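Please have the coordinates open while reading.

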Amino acid sequence: ISIVPSCTYAIRNLIPGYVDEYNLEVKHFLEIVLENISSLKLRFPRDVKVTYHDPCQLARYLGLVEEPRQILRSIKGIELVETDWTNREWTTCCGGGAGFEAVFPELSHILAVNRVKELVETGAEIIVTHCPGCIMQLKSGLRELKSGVEVLDLAQVVAMAMGV
């Protein structure tokens, strides 16, 4: 079970091409949660509007776009609001993919601020994503906007909804 999209992609899709007799079953955290969601009674601590930022690797390379939305919709107290069209496979990059922020920090920051503006326009109180790089970038963009919107990892949201 992997939680980082780029690691999941590498372990699931890239490494098998280089390792003889590779027979590991690799699943992303979202897939495991979704498989078990019906047995969970999930309730977020407060009623809240959230929007979901699709990490590039998760959406484009792993094809996991409906899974996070199904999880969010199954949590009582959460209303999912979406951007007009910059989501799923058409998600706008946050500027943090593949170390981009280390090589091109100024451009990376501009991308983060632009993405956060799109997400904040949904009226969400929380931006949910599922990638450590995206979390850092989105928080950086929000600091520039001086917005009170919060950024949480989907694993944090699930934990909070479980009362953990």
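Leaving out neighbours up to four places away in sequence, threonine 8 is in contact with Ser2, Ile3, Asn13, Val26, His28 and Leu62. The model is a predicted one. Threonine 8 belongs to helix α1, which covers residues 5-14. Is this threonine 8 buried or exposed? The relative accessible area of threonine 8 is 0%, and a residue counts as buried under 20%, so threonine 8 is buried.

**Nonpolar cores**

The largest nonpolar core consists of 24 residues, and Leu72 and Val157 have the most contacts inside it. At least two residues of this core come from each of α2 (29-36), β1 (43-52), α4 (66-73), β2 (76-80), β3 (126-129) and α8 (154-161). Another core, of eleven residues, lies apart from the largest one; Cys94, Ile127, Cys131 and Cys134 are among its members.

Leucine 72 has contacts with Val50, Tyr52, Ile78, Leu80, Val128, Leu154 and Val157, again with residues up to four places away in sequence not counted. As a general background, nonpolar side chains in soluble globular proteins tend to be buried together.

**Helix pairs**

Two packed helices are described by the angle between their axes and the distance between the axes. The table gives both values for two pairs.

| Helix pair | Angle between axes | Distance between axes |
|---|---|---|
| α4 and α8 | about 25° | 11 Å |
| α6 and α7 | roughly 80° | within 8 Å |

The angle of about 25° between α4 and α8 is under 35 degrees, so α4 is roughly parallel to α8. The crossing of α4 past α8 is left-handed. On the α4 side, the contact is made by Pro68, Ile71 and Leu72, and on the α8 side by Leu154, Val157 and Val158. By class, the contact of α4 with α8 has six nonpolar residues, no polar ones and no charged ones.

Helix α6 spans residues 105-120 and helix α7 spans residues 132-145. Their crossing angle of roughly 80° falls in the range 65 to 115, which means that α6 is roughly perpendicular to α7. From α6, the residues that meet α7 are Ser108, His109, Ala112, Val113, Arg115, Val116, Lys117, Leu119 and Val120. From α7, the partners are Gln137, Leu138, Ser140, Gly141, Leu142, Glu144 and Leu145. What classes of residue make up the contact of α6 with α7? Eight residues of this contact are nonpolar, five are polar and three are charged.

How values were computed:
Residues are numbered from 1 along each chain as its sequence is written. This is a predicted model: local features need pLDDT of at least 70, side-chain atom pairs count only at pLDDT 80 or more; totals for chains, interfaces and linings use all residues. Side-chain values use heavy atoms; hydrogens and water are left out. A nonpolar core is a set of buried Ala, Val, Leu, Ile, Met, Phe, Trp, Tyr and Cys residues joined through side-chain atoms within 4.5 Å. Buried means under 20% relative accessible area, exposed over 50%, partly exposed in between (1.4 Å probe, protein chains only). Helices (H or I, at least four residues) and strands (E, at least two) are DSSP runs, numbered from the N terminus. Contact means heavy atoms within 4.5 Å. Axes are lines fitted to C-alpha atoms, for helices over the stretch in contact, and angles run from 0 to 180 degrees between N-to-C directions. Angles under 35 degrees count as roughly parallel, over 145 as roughly antiparallel, 65 to 115 as roughly perpendicular and the rest as oblique. A crossing is left-handed if the near helix is turned anticlockwise from the far one by less than a right angle, and right-handed if clockwise. Ala, Val, Leu, Ile, Met, Phe, Trp, Tyr, Cys and Pro count as nonpolar, Asp, Glu, Lys and Arg as charged, and the others, Gly among them, as polar.
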